[in-house]
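Hi everyone, thanks for coming.

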Amino acid sequence: MTATVSFPIDSPSGPRTATAAYERKGAGEPLLLLHGIGHHLQAWHPVIDILAAEHDVIAVDLPGFGASEPLPHGVPYGLDSIARALGALCAALGVERPHVAGNSLGGLLALEMGRGGLARSVTALSPAGFWSEGERRYAFTTLRAMRAGSRALPRPALERLARTAAGRAALTGTIYARPSRRSAGAVVAETLALRDATGFEQTLAAGGSVRFREDLPGLPVTIAWGSRDRLLLPRQGVRAKHTMPGARLVRLPGCGHVPMNDDPALVSRVILDTARRRDAAAAER
């Protein structure tokens with residue numbers, strides 16, 4: 001069940017209060033799950049039950065996406081400010097330095113939380129920020145086209161399309177390698193989430209100059225990339241590995257840009273293995 005939490009956030013004009021939606025399940029060390037731009041926390045539903053068998057899992061709607069309110073007026077949608085907001089959200093939930101797993105924008109935010117000392121381990125699934133300028137323009141153009149399509153499609157037509165495998169492929173084939181596995185209800189909900197995302201334009205604008213160029217020594221980091229990612233091409237994973245030599249680079253065979261639905265068991269295993277690497281390192285000290 002989705003709940004909401006309010007937490008303080010700094011702005012140039014003084015402290016503000018932000019509110020975010022989240023779902024929480026399981027017990028154990030905390031694990032924070034971050035979705036991509038235009039998506040919502042339900043992207044993680046295919047893996048939550050598996051992860052919750054070992055962790056206190058918290059899936060959140062990022063500010064301005066899903067059921068979360070946009071950032072307060074005057075608070076920028078920059079990488080650092082959102083990462084700090086997520087740290088404040090965790091504090092409000094009584095969580096300190098969770099394991100963090102993120103996809104796309106969420107993967108970049110997970111890495112930024114790791115850089116800021118806010119994460120115990122990081123699993124980044126097709127993270128943003130390792131693109132060339134041409135690859136960035138391609139991804140942003142594709143995202144804007146998907147957003148325009150979601151806003152132009154009347155809901156009755158959307159619901160009719162989502163009832164067929166071909167329609168689900170047309171609606172979500174850019175981000176899933178196996179879109180037919182999505183339920184009609186899930187496809188409708190995520191298309192509406194993209195259409196209604198109040199933080200979409202600000203987030204995209206802030207991401208135009210973003211390049212992640214720092215190593216995270218001493219922190220367990222896994223970069224995982226779907227072999228059939230059509231939005232952020234798999235070669236970007238090699239750049240990520242060069243940037244972070246100590247990170248583990250994992251290929252996700254047959255998976256698209258949002259791999260949690262394409263292969264839930266594999267994605268869950270990658271996330272859990274990363275968290276266990278941190279536990280094993282701590283035991284050796």
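**A pocket and its surroundings**

Let's start with the largest pocket, which holds about 320 Å³ of space. Before going on, please keep in mind that this is a predicted model.

Who lines this pocket? There are 22 lining residues, and Met-146, Leu-171, Ile-175, Glu-190 and Leu-194 are the ones nearest the centre. By class, the lining has 10 nonpolar residues, 11 polar ones and 1 charged one. Three helices, α4, α6 (165-172) and α7, each supply at least two lining residues. Which of the elements gives the most? That is α4, with 4 residues.

Now let's see how two of those helices meet. Helix α4 covers residues 133-152 and helix α7 covers residues 184-196; they pack at an angle of about 105°, and their axes are 8 Å apart. An angle from 65 to 115 degrees counts as roughly perpendicular, so α4 is roughly perpendicular to α7. On the α4 side, the contact is made by Met-146, Arg-147, Ser-150 and Arg-151, while α7 brings Thr-191, Leu-194, Arg-195 and Asp-196. Sorted by class, the residues of this contact are 2 nonpolar, 2 polar and 4 charged.

Next stop, Ala-197, which sits in the loop between α7 and α8 (200-206). Is Ala-197 buried or exposed? Its relative accessibility is 3%, so Ala-197 counts as buried. Beyond its neighbours within four places in sequence, Ala-197 is in contact with Gly-64, Phe-65 and Arg-147. As for Thr-174, 23 residues away along the chain, its C-alpha atom is separated from that of Ala-197 by 18 Å.

Finally, a word on backbone angles. Most residues other than glycine have a negative phi. Here are two residues to look at with that in mind. Arg-97, in the loop between α2 (79-92) and β5 (99-103), has a positive phi of about 45°. Ser-126, in the loop between β6 (122-125) and α4, also has a positive phi, near 45°.

How do their surroundings compare? Arg-97 has a relative accessible area of 35%, so it is partly exposed. Ser-126 has a relative accessibility of 1%, so it counts as buried.

That's my tour, and I'm happy to take questions.

Key:
Residues numbered from 1 in each chain as written. Predicted model: local features only at pLDDT ≥ 70, side-chain atom pairs only at ≥ 80, totals over all residues. Heavy atoms only, no water. Axes fitted to C-alpha atoms, helices over the stretch in contact; angles between N-to-C directions. Parallel < 35°, antiparallel > 145°, perpendicular 65-115°, else oblique. Contact = heavy atoms within 4.5 Å. Nonpolar A, V, L, I, M, F, W, Y, C, P; charged D, E, K, R; others polar. Buried < 20%, exposed > 50% of the residue type's maximum accessible area, 1.4 Å probe, protein only. 1 Å grid on protein atoms, 1.4 Å probe; cavity = no way out; pocket = protein on both sides within 12 Å on 5 of 7 lines; lining within 4 Å. Points joined across faces, edges and corners; volume = space filled by probe spheres on them.
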